[in-house]
Amino acid sequence: CMDLSDGLAIDLHRLCRESGISANLGRTLPVARGASLDDALYGGEDYELVFTAPPRTKIPPHLGTLRVTEIGAIAAGRPGRITWAGEVLKPKGFDHFT
């Protein structure tokens, strides 16, 4: 589990790279009212968390008052590789070291 303060694309890339896995995002991603898809993928300061769980784990729709949304699946493959809508998603977002 990690926060998405630097953007979904780059933070999920980091999580997958460090875990030695890749991920496939579903076609539909949650986008906040007033935001664009680019904001959802690459924007920072989202105050959201991303986490993984084993495939057979039943994830509840809410954890306390927080809604849980499935956005994709972990996959074998090149560590850090994220695909979305059949395309490789570039790990763009806020990078503290550039």
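1. Start with Thr83. Setting aside neighbours within four places in sequence, Thr83 is in contact with Ala23, Asn24, Leu25, Val88 and Leu89. Contact means heavy atoms within 4.5 Å. Thr83 sits in strand E7, residues 82-84. Thr83 counts as buried because its relative accessibility is 15%. The classes are buried, under 20% relative accessible area, exposed, over 50%, and partly exposed, in between (1.4 Å probe, protein chains only).

2. A word on the model. It is predicted: local features need pLDDT of at least 70, side-chain atom pairs count only at pLDDT 80 or more, and totals for chains, interfaces and linings use all residues. Numbering runs from 1 along each chain as its sequence is written, and side-chain values use heavy atoms, with hydrogens and water left out.

3. Now the overall fold. The chain has two helices and eight strands. From the N terminus the order is β-α-β-α-β-β-β-β-β-β. The chain is as compact as a globular protein of its length, because its radius of gyration is 13 Å, close to the 13 Å that the globule rule gives for 98 residues. The radius is taken over C-alpha atoms, and the rule is 2.2 Å times the number of residues to the power 0.38. Helices (H or I, at least four residues) and strands (E, at least two) are DSSP runs, numbered from the N terminus.

4. Of the contacts in the chain with a separation of 6 or more, 77% join residues 24 or more positions apart. Of the 98 residues, 29% count as buried.

5. Next, the core. The largest nonpolar core holds 16 residues, and Leu8, Leu12, Leu25, Leu29 and Ile82 touch the most other members. Such a core is a set of buried Ala, Val, Leu, Ile, Met, Phe, Trp, Tyr and Cys residues joined through side-chain atoms within 4.5 Å. Helix H1 (8-19), strand E2 (22-25) and E7 each supply at least two residues of this core. H1 gives the largest share, five residues.

6. Take Leu8 in detail. Not counting residues up to four places away in sequence, Leu8 touches His13, Leu25, Leu29, Ala40, Leu41, Gly43 and Ile71.

7. One backbone angle to check. Most residues other than glycine have a negative phi. Ala85 has a positive phi, near 55 degrees. Ala85 lies in the loop between E7 and strand E8 (87-88). Its relative accessibility is 31%, so Ala85 counts as partly exposed.
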